[in-house]
Amino acid sequence: MPRPRLTAPLRAAAATAAGLLLAGLTPAAASAAAPAPPVPALTWSKPCAPGFQCDTAQVPLDYRDPHGRTVDLALIRRPADDQAHRIGTLFYNPGGPGIPGTTALPAAAMLLPAQLRRRFDLVGFDPRGIGASTTLNCFPDRTGDQDGQEAGEQALLGGLPAGYPIGAAQQSQWADAYARLGRQCAENDRTGLLAHLSTADVARDLDLLRQAVGDRRLNYLGTSYGTYLGATYANLFPGRVRAMILDSAVDPVAWSTGRTPADAALPPFLRAGSDLASARSLDTFLDRCGAAAPAGCAFSAGSPEATRARYAALMDRLERGPITVGTGPQAVTYDEAAAVTTVSQLLYGAQPVATFGTPGWAGLGGWLQSLWTAPDTPAAALPTGAPAHQAQVLGTLCADTVNPPAGADHSAFADLARDRSGELGPSWVWPTQRCADWPAEAARDRYDGPWDRRTAAPVLVVANTGDPVWPYEGSRALADTLARGRLLTVDGDGHTVLGNPSACAAGYEERYLVDGALPPRGQVCAPDRRPFQ
């Protein structure tokens, strides 16, 4: 059958669609074809950490205008030990969103198998809007001064409660402060960066970086929220995937839009099941702590049942009033919100890992015991202040998800989370309440799927069964949703397999990255260490 001939207008339309697809844009996302953006030239000549090289790449602010304004991306590289047998570059994204890759890579590099360090250059980068890359200017007269921007942010947010707000007065203060931050960022964004901070924009940056290092296809390791970047890249550029490991994955459908209309009305962490995951992880911690002697877990009351009762009594005490640990300048005061937020964070590292600074669950047991034994003295003033770089985090976080509107009753969501997940539940509601009044234009470039485009190579999803942040079910959902996904299960605890090592899983990851060999279907690995062993 002869092929149909294209008229000149049809040829132009076909070229337009092809150009947009090559740039990771669909025809619906732009009104006209754009020429290919220039590939950054890298020299790796900037001063850097010992054994690493650094550089800055310029990429388009707006991929619909690839020769217009640019933004800077900070990069770091560890050259392959065996350059003669180098396979290519392995890009690493630690997640967050908001964690700079330039600081995360030196900590993570030595956790990778030696064969990967021999055969791949390792490259990390600060995504647009993060760290040493071009960031938002949210406060006047401080253009380009990150210290000044941070000072302005803390002046605005510094009076907020640590952890999350409790009660109507704190909740109103919280919502008002973050609404003002959104207005500040919109009013002072002179470059237009605010509209181009989605993970889809970062994925397009990543494809330019792939070209800049000379790789025909991408090798990628993403942990935690970095899995969302990987899934986005895999579906914007499916033909350019050589090997991709997504460690402790967020379900991209649940996170971006929700899988049902009812889910879409929930805050993103609730529809992703993060509150349920942390509650299960806490249950596991209390059982294992209770089964250990106090020498192994300081918070142990001699049995799992008694340790659960001790934890419940501690939460009751915190609900009645704050607890101060220590005396003098070293004293730290915790209310219920600050305490459960700390518990949630300390659940991340079930195994002690020196390079990440995680003490393992034994450290969580010691910290809970310090609260338990603190005297019933008048509590000192509660600490206040938001974590640093809130605008950097929100620029991406709020762009990627459908969020309940400003008028939604987040206190009701917090009650729902507490009912289904216990004391940890509300800590997963208020982080995305910060998005309720974030400027809407931030979502302009968001990618909402489809998530099942057929990639040039299979994608390996790796997950702990007891992950306290992104539940194991989310990793399984991603592996099932991807057209060529394969799930490798680690029957272990903690957030990310990289941060809670398994030599078994690392061996499969090494063979996959080097040779393209997938683990057998249904393969289950064990962690290197169990808590309190």
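Two cavities of 30 Å³ or more turn up in this predicted model, a cavity being a set of points on a 1 Å grid over the protein atoms alone where a 1.4 Å probe fits but cannot get out. Local features need pLDDT of at least 70 and side-chain atom pairs count only at pLDDT 80 or more, while totals for chains, interfaces and linings use all residues of the predicted model. Residues are numbered from 1 along each chain as its sequence is written, and side-chain values use heavy atoms, with hydrogens and water left out.

- The largest cavity holds about 130 Å³ of space, where volume is the space filled by probe spheres set on grid points joined across faces, edges and corners.
- It has 13 lining residues, and N93, P97, P127, Y225 and T396 are the closest to its centre; lining means having an atom within 4 Å of a point.
- Helices α6 (199–212) and α7 (226–236) each put at least two residues into that lining; helices here are DSSP runs (H or I, at least four residues), numbered from the N terminus.
- Sorted by class, the lining of the largest cavity has seven nonpolar, six polar and no charged residues; Ala, Val, Leu, Ile, Met, Phe, Trp, Tyr, Cys and Pro count as nonpolar, Asp, Glu, Lys and Arg as charged, and the others, Gly among them, as polar.
- The second largest cavity comes to about 30 Å³, with R529, R530 and D493 among its lining residues.
- Its lining splits into three nonpolar, two polar and three charged residues.

**Second largest pocket**

- This pocket has a volume of about 350 Å³; a pocket is an open set with protein on both sides within 12 Å along at least five of seven lines.
- Of its 23 lining residues, T134, T135, L136, N137 and Q146 sit closest to the centre.
- α4 (146–157) and α15 (390–400) each supply at least two lining residues, and α4 gives the most, with four.
- By class, the pocket lining has six nonpolar, 13 polar and four charged residues.

**Helix packing**

- The axes of α11 (274–291) and α14 (361–372) come within 11 Å and cross at roughly 80°; axes are lines fitted to C-alpha atoms over the stretch in contact, with angles from 0 to 180 degrees between N-to-C directions.
- S281, T284 and F285 of α11 meet W361, L364, G365 and L368 of α14, contact being heavy atoms within 4.5 Å.
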